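Keep the viewer open as you read.

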Amino acid sequence: MQISSHESAKDLPLFSIVMPCYNASATLARAVESCFAQLERSLELLLIDDASTDNTPALMAQLQSCAPADVVVRCLWQTSNGGPSRARNRGWNEARGQYIAFLDSDDCWDADRLQRIRAVLAEAGPDVILLGHPHRETD
């Protein structure tokens with residue numbers, strides 16, 4: 001990560017959440033709201049549209065406009081569909097956080113997800129953490 005002349009390391013988020021989006025209009029709001037609800041507030045959310053053919057791009061812009069004041073949401077658009085890996089790679093390259101977390105647009109997190117990860121980072125100091133999450137059926 002390179003810090004520009006107008007940014008300092010203390011201004012950058014601890015976590016960058018990278019969320020690839022493709023035709024996600026039915027599930028995107030729920031996923032994004034789970035990011036907005038995080039107890040850990042040092043975060044940015046990158047929404048990467050992978051050339052959706054539904055109203056996902058408009059929904060991304062709407063969600064960006066209603067983000068809490070302390071959460072930076074950046075919307076990125078791909079000109080052609082390259083699949084979730086390409087969208088994740090784009091998010092990785094654009095991320096400014098010290099750590100990168102991936103969340104799919106049809107998933108959501110508990111409010112303490114990043115807070116628990118931050119505690120592990122503080123206690124153990126690992127360079128990398130690989131985590132999954134339990135599958136729960138919801139309405």
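**Charges, cysteines and confidence**

D70 is partly exposed, with a relative accessible area of 40%; here buried means under 20% relative accessible area, exposed over 50%, and partly exposed in between (1.4 Å probe, protein chains only). Before going further, note that this is a predicted model, in which local features need pLDDT of at least 70, side-chain atom pairs count only at pLDDT 80 or more, and totals for chains, interfaces and linings use all residues. Residues are numbered from 1 along each chain as its sequence is written, and side-chain values use heavy atoms, with hydrogens and water left out.

D70 forms a salt bridge with R41, with the closest N and O atoms 2.9 Å apart; a salt bridge is a side-chain nitrogen of Lys or Arg within 4 Å of a carboxyl oxygen of Asp or Glu. This pair links distant parts of the chain, as D70 lies in the loop between α2 and β3 (72-77) and R41 in the loop between α1 and β2, 29 residues apart. Helices (H or I, at least four residues) and strands (E, at least two) are DSSP runs, numbered from the N terminus. By that reading, the protein chain has four helices and four strands, in the pattern β-α-β-α-β-α-β-α along the sequence.

The salt-bridge count comes to eight. In one of them, the side chains of E40 and R118 meet at 2.8 Å, N to O. E40 sits in the loop between α1 (28-36) and β2, and R118 in helix α4 (residues 113-124), 78 residues apart. E40 is buried, at 8% relative accessible area, while R118 is partly exposed at 38%. There is also a network of salt bridges that links E44, R74, R90, E94 and R96.

What about a buried charge with no salt bridge? D50 is such a case, and the nearest side chain of opposite charge, R86, is 4.7 Å away; Lys and Arg count as positive and Asp and Glu as negative, while His and the chain ends are not counted. The side chain of D50 does reach the backbone nitrogen of G82, at 3.0 Å.

Turning to cysteines, the whole structure holds zero disulfides (pairs of cysteine sulfur atoms within 2.5 Å). For C75, the nearest cysteine sulfur is that of C21, 8.2 Å away.

Finally, a word on confidence: the protein chain averages a pLDDT (the predictor's confidence in each residue, from 0 to 100) of 90. Over residues 1-6 the pLDDT is below 50. Where pLDDT is low, the predicted coordinates should not be read in detail.

Terms used. A polar contact is a pair of N or O atoms within 3.5 Å; within protein, one must be able to donate a hydrogen and the other to accept it, and residues adjacent in sequence count only if both atoms are side-chain atoms. Contact means heavy atoms within 4.5 Å.
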